[in-house]
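Subject: The structure we talked about, with notes

Hello,

Here is the structure I promised to hand over, and below it you will find my notes. Please keep the model open while you read, so that you can look up each place as it comes.

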Amino acid sequence: MSLALPDSFPELIRSTFNSAKESGALLFSESTDKDIVVQDLTFNVRIVPALGQKPVNNKDNDDVEKPKKKFDPFETPEPALFLCSLGEKYSIILNKFSILPYHYLCVTTKFESQNAPLSEDDLIAAWACLQADLDPNMRQLAFYNCGERSGASQAHKHLQFISVSKQPKLLPDVALSYGVPESKDAIGQFPTYHPAVPFAHFVLPLPPNPTGNDLVMRFSSLLARTLNVLRRHEQRDISFNFAMTKEWIFVAPRSQESADDISINATGMIGLMLAKSDEQMEQIKTRGPLELLLSVGVDRVIEDEAHHDY
Ligand code: AMP
């Protein structure tokens, strides 16, 4: 499957974002940000006072006695937020509750579960979206929160895209700077990780123009290790975060959705965290971002000692 966004995508997203914001279809929350530096890692914490008002996980609406059909905002995307189709399987829409400008989603047109791993088509769609350069000073980041404990709030399969600063480097960039061990398998490299980060995470670099097969092989290699770690920690359901740029793929297993009332998703696991207030920012600083992320991730010690037996 070969996919591409329209050449006019950067203009399309700017004009649709501005009109949706103006009409009130898109709710943009103002924020400020601060960095916390830990060794050679920088954690960027974005403080968003409006975060407390954002609708939370659909699961909160559960009524045990009388189950209701949960509202699926991606079944029929709001026209004011719709950007374009991507092939027959995907719709590209703006995030209704944006903290960063031009935050958009790639949702499956027919319902698929957010608890399912990414397919080859999903990876090709993600790669196609990453090619749209919305701002030459920024870089594009794709992320996917898979499973009940991953920080996802919607059950309908959706990949997300944001523009992020080129500096400071994210956790996967720094992890790769320690080198990638060679392997004799088809990829030629073993997944690597940051040696000072206590939670399990796996990173592989991407070749310049990956084929669908290149993406699948790398994602499968990271997912296999992730499943292995979850099994060793006797996690009963499969939750993980995925992130991808043009340079790398990252996957980290998850054990908890949040810690200290701080919700963490894929962006948090690579160093881009959200806080509701200055107090919450201080809380992250005091506890330490690595300690906080370890409590929602999975300890990597056992995995390190084990041979990969998948
Ligand atoms: P997650 O919380 O990671 O599952 O991502 C789901 C995203 O969908 C959130 O960032 C929400 O802001 C966004 N969202 C919720 N409702 C809508 C909607 N009606 N249209 C577009 N985006 C939405």
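Let me begin with helix α1, which takes in residues 9–23; helices (H or I, at least four residues) and strands (E, at least two) are DSSP runs, numbered from the N terminus. This helix has 15 residues and reaches 21 Å from its first C-alpha to its last, close to the 21 Å expected at 1.5 Å a residue, where the expected span is 1.5 Å times one less than the number of residues. Before going further, please note that this is a predicted model, in which local features need pLDDT of at least 70 and side-chain atom pairs count only at pLDDT 80 or more, while totals for chains, interfaces and linings use all residues. Residues are numbered from 1 along each chain as its sequence is written, and side-chain values use heavy atoms, with hydrogens and water left out.

Which residues of α1 are buried? They are Phe 9, Pro 10, Ile 13, Thr 16, Phe 17 and Ala 20, where buried means under 20% relative accessible area, exposed over 50%, and partly exposed in between (1.4 Å probe, protein chains only). Seen down the axis of α1, these buried residues fall within an arc of 140 degrees, so they line one face of the helix; the arc is that of the directions from the helix axis to the C-beta atoms. The face of α1 turned away from the buried side carries the exposed residues Glu 22 and Ser 23. As background, an α-helix has 3.6 residues a turn, so residues three or four places apart point the same way.

Just after α4, Glu 234 takes a positive phi of about 50 degrees.

The ligand comes next. It is surrounded by 18 residues, of which the closest are Asn 95, Asn 145, Ser 153, His 158 and Gln 160; a residue is counted here if one of its heavy atoms lies within 4 Å of the ligand. A polar side-chain atom of Asn 95 lies 2.7 Å from an oxygen atom of the ligand, and an N or O atom in the side chain of His 158 is likewise 2.7 Å from a ligand oxygen atom. The protein covers 93% of the 490 Å² of accessible area that the ligand has on its own, with areas taken from the Shrake-Rupley method with a 1.4 Å probe. Strands β5 (90–94) and β9 (158–165) each supply at least two residues of the shell.

Leu 26, in the loop between α1 and β1 (27–28), is 69 residues from Asn 95 in sequence and 7.4 Å from it in space, C-alpha to C-alpha; at 2% relative accessibility, Leu 26 counts as buried. Asn 145 is joined to Asn 241 by a polar contact of 2.9 Å between their side chains, a polar contact being a pair of N or O atoms within 3.5 Å (within protein, one must be able to donate a hydrogen and the other to accept it, and residues adjacent in sequence count only if both atoms are side-chain atoms). Asn 241 lies in strand β11 (residues 240–244), counts as buried at 0% relative accessibility, and has a side-chain polar contact of 2.7 Å with Arg 254.

Finally, some backbone details. Where is the cis peptide bond? It joins Gln 167 and Pro 168, with omega about -5 degrees, and Pro 168 is found in the loop between β9 and α3 (171–177). Tyr 102 has a positive phi of about 65 degrees although it is not a glycine, and at 22% relative accessibility Tyr 102 counts as partly exposed.

Best wishes
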